[in-house]
Amino acid sequence: DIQLFQYSVLPDIVLLLMISGLVTSSISAAREWETRTIKELLLSPATNFAIITGKVLSGFTTTFLLGLLVLLLADVLGWTQPEGIYWLSTLLIIALVALLSTGLGVALGAALQHGLPVIAISVNVAFYLFFLSGGVGVIAFEPQVLQNIAAYIPLTYGVHALQQAIFYNSSDQLGLDVLVLGVCALIAVGLGVFSMRRGIAS
């Protein structure tokens, strides 16, 4: 007895996480170079590791808390109601999507180092990933070609895991979903670290 609008809530939460992580982290990283505050950070006692870790953790924390707030609001409204142990899997998926978007945001911001192009690119990336992962409908009802494309988009696995945990109290394919999201999140954070180090070195 799940309404169609309830299905749209979870992809929207994932989209919100992507936009928040990408935009917030990319702008934060880019402005360090745009306003030349990166020089002050480099002259401070803080190590490069601390600077990079701070960027990633601040973006992740903000994005994760936003996702948690929206999830709790949807739960109060009766749109999403995870139960018992499935709260943990739901929070894990939200954390992984937040980490993925934050890593991509830091990488993009440190690479471009300018606010305006960073905003335009990060918003477009978030929306393209959202649509390609079947965010506007139920992926199982989409044409086969879109289903094949969605299989290569990490957000597809995030939406699937949230649907299973919240609507069906199930952990079906949770291991695969967590593995794909976890690997993609680590790659994204690795790109962010590499981009920050390269920017700092230059």
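Which residues have the most contacts inside the largest nonpolar core? They are Met18, Val97, Leu155 and Leu162, in a core of 30 residues.

## Basis

This is a predicted model: local features need pLDDT of at least 70, side-chain atom pairs count only at pLDDT 80 or more, and totals for chains, interfaces and linings use all residues. Residues are numbered from 1 along each chain as its sequence is written, and side-chain values use heavy atoms, with hydrogens and water left out.

## Nonpolar cores

A nonpolar core is a set of buried Ala, Val, Leu, Ile, Met, Phe, Trp, Tyr and Cys residues joined through side-chain atoms within 4.5 Å. Buried means under 20% relative accessible area, exposed means over 50%, and partly exposed lies in between (1.4 Å probe, protein chains only). Helices are DSSP runs (H or I, at least four residues), numbered from the N terminus.

The largest core has 30 residues. Helix 1, helix 3, helix 4, helix 5 (115-132), helix 7 and helix 8 each supply at least two of its residues. Helix 1 gives the largest share, eight residues. A second, separate core has 10 residues, including Ala29, Ile52, Val106 and Met196. Leu162 is in contact (heavy atoms within 4.5 Å) with Leu10, Val14, Thr90, Ile93, Ile94 and Phe167, leaving aside its neighbours within four places in sequence.

Angles run from 0 to 180 degrees between N-to-C directions, and axes are lines fitted to C-alpha atoms, for helices over the stretch in contact. Angles under 35 degrees count as roughly parallel, over 145 as roughly antiparallel, 65 to 115 as roughly perpendicular and the rest as oblique. A crossing is left-handed if the near helix is turned anticlockwise from the far one by less than a right angle, and right-handed if clockwise. For residue classes, Ala, Val, Leu, Ile, Met, Phe, Trp, Tyr, Cys and Pro count as nonpolar, Asp, Glu, Lys and Arg as charged, and the others, Gly among them, as polar.

The axes of helix 3 (residues 48-76) and helix 4 (residues 86-112) come within 8 Å and cross at roughly 140 degrees. That makes helix 3 oblique to helix 4. Their crossing is right-handed. Residues in this contact include Phe60, Phe64 and Leu68 in helix 3, and Trp87, Leu91 and Ile94 in helix 4. By class, the contact has 13 nonpolar, six polar and two charged residues.

Helix 1 and helix 3 have axes that come within 9 Å and cross at roughly 155 degrees. The two helices are therefore roughly antiparallel. Helix 1 passes helix 3 in a right-handed crossing. Among the residues that meet are Ile13, Leu17 and Glu32 in helix 1, and Lys55, Leu66 and Val70 in helix 3. This contact divides into eight nonpolar, seven polar and two charged residues.

## Helix 4 with helix 8

The axes of helix 4 and helix 8 are 7 Å apart, at an angle of about 25 degrees. That makes helix 4 roughly parallel to helix 8. The crossing is left-handed. The contact has 20 nonpolar residues, five polar and no charged.

## Backbone exceptions

Most residues other than glycine have a negative phi. Arg36 has a positive phi of about 65 degrees, although it is not a glycine. Arg36 is found in the loop between helix 1 (4-34) and helix 2 (37-43).

Gln173 also has a positive phi, near 60 degrees. Gln173 lies in the loop between helix 7 (154-167) and helix 8 (174-201). Gln173 is partly exposed, with a relative accessible area of 44%.
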